[in-house]
Amino acid sequence: MAVTPRPDRLTAAVDKDSRPAGSATVDSASEPLASPVNSHNEWDPLEEIIVGRLDGATIPSDHPVVTCNIPPWAARMQGLAAGFRYPRLLVERAQQELDQFVALLESLDVTVRRPDEVDHRRRFSTPDWSSRGFCNTCPRDSMLVIGDEIVETPMAWPCRYFETHSYRTILKEYFRGGARWTAAPKPQLTDELFEADFRIPEVGEPMRYILTEFEPVFDAADFMRAGRDLFVTRSNVTNRMGIDWLRRHLGPGYRIHEIKSRCRTPMHIDTTFVLLAPGKVLVNPEYVDVDHLPDVLSSWDVLIAPEPCPIDERLLKVTSMCGKWLSMNVLMIDEKRVIAERHHTDMLRALEKWGFEPIPCDLLHYAPFGGSFHCATLDIRRRGTLESYAD
């Protein structure tokens, strides 16, 4: 794909036949740019990352696709609070931890970028519906990095419809620098996309999802990358049509494998199946049947996540959207070093036993806003090349 050079590298376009005799040929404008975006997997040495922002965070709407994963009493509470700011007590504690996390990344020589501030209480609309926003705390959901390309994803939550706008300043900078920038088809998000009579399936019942196959939708956080192989969970924000769209978009140079989750309320792969290093994958024993992983992982070490340490803080129990397995939501700095939640000491010990070098950090109070270290970030540049790691 041809890439427009940056203005400082542009030369005046001169028609070959109209140049004066003896004039010098200038071909610098045709030189390809080295993209500032380069990330093929979850473990190459990390050089640049986007970290989310808490400013302007607003309690999401009570749309069925938002509330389908939470108990009815919590859905009623969310409905009453939708569109309001998060309580200051929650925001302040999370902000302290987020600031410390950013400082840690910078101390590890990682360049940290941040989205613009947005007032998510502002209402917006399409021809079919209107909504307020949510937040830009989790860039991992709305953008997928594949090599030198950033793909804006077609998310199923109406309140997140314009979420990538807060990243546009950075995206345009990356594009001008040589990155590829793609947006998947913007979904209509009409009633046809959602099952009207959806209910969470009981254990032993066939799996059900709130999404139909009306149009392609997916969150990037339902994918894990291992070079030419990607792994995905179908969920209440990612349908088969969305998976098929990405498969066709990437073409024959990539393979996408489905990880079947036993979670009754699936949403995002990074508390279910986490790639740590070449040949090493961390799995959730409650959600994943290790005897039915894709054949391409037959030679990999399958590491079973320890039971998460209990959280006694009542406010977090009530407000977290992520469940107890957020202990798995780690961020690899390279093949050895990994940032993990300080509270989950059993996970830290397990990582050490498996040969990693865990770096404890606090981000427990980020859970009400959508996640932990992996969710809160989007790795833009890792020092490495495109390779195949699966059989």
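What follows is a walk from the overall picture to a few individual residues.

## The big picture

Keep in mind that this is a predicted model. The protein chain has 391 residues, and 54% of them count as buried. Along the protein chain there are eight helices and 17 strands. If you take the contacts between residues at least 6 apart in sequence, 73% of them join residues at least 24 apart.

In soluble globular proteins, nonpolar side chains tend to be buried together. Here, the largest nonpolar core holds 46 residues, and the members that touch the most other members are Ile49, Val65, Phe101, Leu105, Leu211 and Ile339. Strand 1 (46-51), helix 1 (64-67), helix 3 (88-107) and strand 16 (357-361) are the elements that give two or more residues to this core. Helix 3 supplies the largest share, seven residues.

Setting aside residues up to four places away in sequence, leucine 105 touches Ile49, Val51, Val110, Val112, Leu331, Ile333 and Ile339. There's also a second, separate core, made of 37 residues, with Leu282, Tyr287, Ala350 and Ala390 among them.

## Rings and charges

Aromatic rings turn up in pairs too, and the structure holds 14 such pairs. In one of them, phenylalanine 218 and phenylalanine 223 have ring planes at 75°, which is over the 60 degrees needed, so the pair is edge-to-face; the ring centres are 5.7 Å apart. Both phenylalanine 218 and phenylalanine 223 are buried. Elsewhere, ring pairs tie Phe124, Trp129, Tyr161 and Phe162 together into a cluster.

Tyrosine 161 from that cluster also has lysine 186 lying over its face. Arginine 160, meanwhile, has its charged end over the ring of tryptophan 157. Here are the two charge-over-ring cases:

| Charged residue | Ring | Distance to ring centre |
|---|---|---|
| Arginine 160 | Tryptophan 157 | 5.9 Å |
| Lysine 186 | Tyrosine 161 | 4.8 Å |

Is histidine 365 buried or exposed? With a relative accessibility of 5%, which is under the 20% cut-off, histidine 365 counts as buried. You'll find histidine 365 in the loop between strand 16 and strand 17 (377-382). Its side chain and that of glutamate 97 are joined by a polar contact of 2.8 Å. Histidine 365 and arginine 93 are 272 residues apart in sequence, yet their C-alpha atoms are 6.4 Å apart in space.

Now jump to asparagine 41, in the segment before strand 1. Asparagine 41 has a relative accessible area of 0%, so this residue is buried as well. What does the side chain of asparagine 41 make a polar contact with? The partner is the side chain of tyrosine 389, at 3.3 Å. A polar atom of the asparagine 41 side chain also lies 2.8 Å from the backbone nitrogen of aspartate 44. Leaving out neighbours within four places in sequence, asparagine 41 is in contact with Arg225, Ala226, Gly227, Asp379, Arg382 and Tyr389.

Key. Residues numbered from 1 in each chain as written. Predicted model: local features only at pLDDT ≥ 70, side-chain atom pairs only at ≥ 80, totals over all residues. Heavy atoms only, no water. Phe/Tyr/Trp six-rings, centres within 6.5 Å; stacked < 30°, edge-to-face > 60°. Buried < 20%, exposed > 50% of the residue type's maximum accessible area, 1.4 Å probe, protein only. Lys NZ or Arg CZ within 6 Å of the ring centre and 35° of its normal. Core = buried A, V, L, I, M, F, W, Y, C linked by side-chain atoms within 4.5 Å. Helix = DSSP H or I, 4+ residues; strand = E, 2+ residues; numbered from the N terminus. Contact = heavy atoms within 4.5 Å. Polar contact = N/O pair within 3.5 Å; in protein donor to acceptor, adjacent residues only side chain to side chain.
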